[in-house]
Amino acid sequence: MILAVTGHRPDKLGGHSPALRRKLAVFASFQLRNFIQAHGRPVKIISGMALGWDQAVAIAAIAAGIPLVAAAPCDAQDATWPAESRAFYRILLRRAAEFAGQPQPEIDPGGNPCRRGDPTFPHDPRVAHRSDAEGPQHR
């Protein structure tokens, strides 16, 4: 089985501190162990690699020796993040077994590096995004 996860960002979880990142990673490791006990060990884990829960699960996957697929929505996902967060993101990407990112689009004037909903943004048609009101469903 393949496990795919995404979740809340730091602003919904209590901030951007390294201490919070550590707490989330410990909790994600605990949850992953529980998942494995109940359902078996996944052959890989897919993470959207956003700040917060996505990265906590990525850390848990790496720590458990489960291949991580870094499925970033675009190469510029970290373009507006603080320097420390960008550096940690790059470390996680280097530890990933696979990278399933999108080509890097121009950053739009509003500062969104991934421009969801923009018809020129190269969406993967196999993946549904919550922001795609009429987009495809998960397949």
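**Close-up 1. Contacts of L32 in the predicted model.** In this predicted model, L32 touches L3, I45, A60, A61, A64 and I66, leaving aside residues up to four places away in sequence. Apart from it lies another core, of twelve residues, which includes M49, L51, L92 and L93.

**Close-up 2. The largest nonpolar core.** This core has 13 residues, of which A28, L32, I45, W53 and V57 touch the most other members. Two or more residues each come from β1 (2–5), α2 (18–39) and α3. The most is given by α3, which supplies five residues. In soluble globular proteins, nonpolar side chains tend to be buried together.

**Close-up 3. W53 in helix α3.** W53 has its place in helix α3. Its relative accessible area is 18%, and W53 is therefore buried, the cut-off being under 20%. W53 is also among the residues that touch the most other members of the largest nonpolar core. Between W53 and G7 the separation is 46 residues in sequence, while in space the two are 5.1 Å apart, C-alpha to C-alpha.

**Close-up 4. Packing of α2 against α3.** Helices α2 and α3 pack at an angle of about 60°, and their axes are 8 Å apart. Because of this angle, α2 is oblique to α3. The two helices, α2 and α3, form a right-handed crossing. On the α2 side the contact is made by R21, L24, A25, F27, A28, S29, Q31 and L32, and on the α3 side by W53, A56, V57, I59, A60, A61 and A64. By class, the residues of this contact of α2 with α3 comprise twelve nonpolar, two polar and one charged.

**Close-up 5. Packing of α3 against α4.** Helix α3 (residues 53–64) packs with helix α4 (residues 83–95) at an angle of about 40°, and their axes lie 11 Å apart. The angle therefore makes α3 oblique to α4. In passing α4, α3 makes a left-handed crossing. From α3, the residues Q55, A58, I59 and I62 meet F88, Y89, L92 and R95 of α4. Six nonpolar residues, one polar and one charged make up this contact of α3 with α4. In α3, I59 takes part in the contact with α4 and also in the contact with α2.

Technical notes. Residues are numbered from 1 along each chain as its sequence is written. This is a predicted model: local features need pLDDT of at least 70, side-chain atom pairs count only at pLDDT 80 or more; totals for chains, interfaces and linings use all residues. Side-chain values use heavy atoms; hydrogens and water are left out. Axes are lines fitted to C-alpha atoms, for helices over the stretch in contact, and angles run from 0 to 180 degrees between N-to-C directions. Helices (H or I, at least four residues) and strands (E, at least two) are DSSP runs, numbered from the N terminus. Angles under 35 degrees count as roughly parallel, over 145 as roughly antiparallel, 65 to 115 as roughly perpendicular and the rest as oblique. A crossing is left-handed if the near helix is turned anticlockwise from the far one by less than a right angle, and right-handed if clockwise. Contact means heavy atoms within 4.5 Å. Ala, Val, Leu, Ile, Met, Phe, Trp, Tyr, Cys and Pro count as nonpolar, Asp, Glu, Lys and Arg as charged, and the others, Gly among them, as polar. Buried means under 20% relative accessible area, exposed over 50%, partly exposed in between (1.4 Å probe, protein chains only). A nonpolar core is a set of buried Ala, Val, Leu, Ile, Met, Phe, Trp, Tyr and Cys residues joined through side-chain atoms within 4.5 Å.
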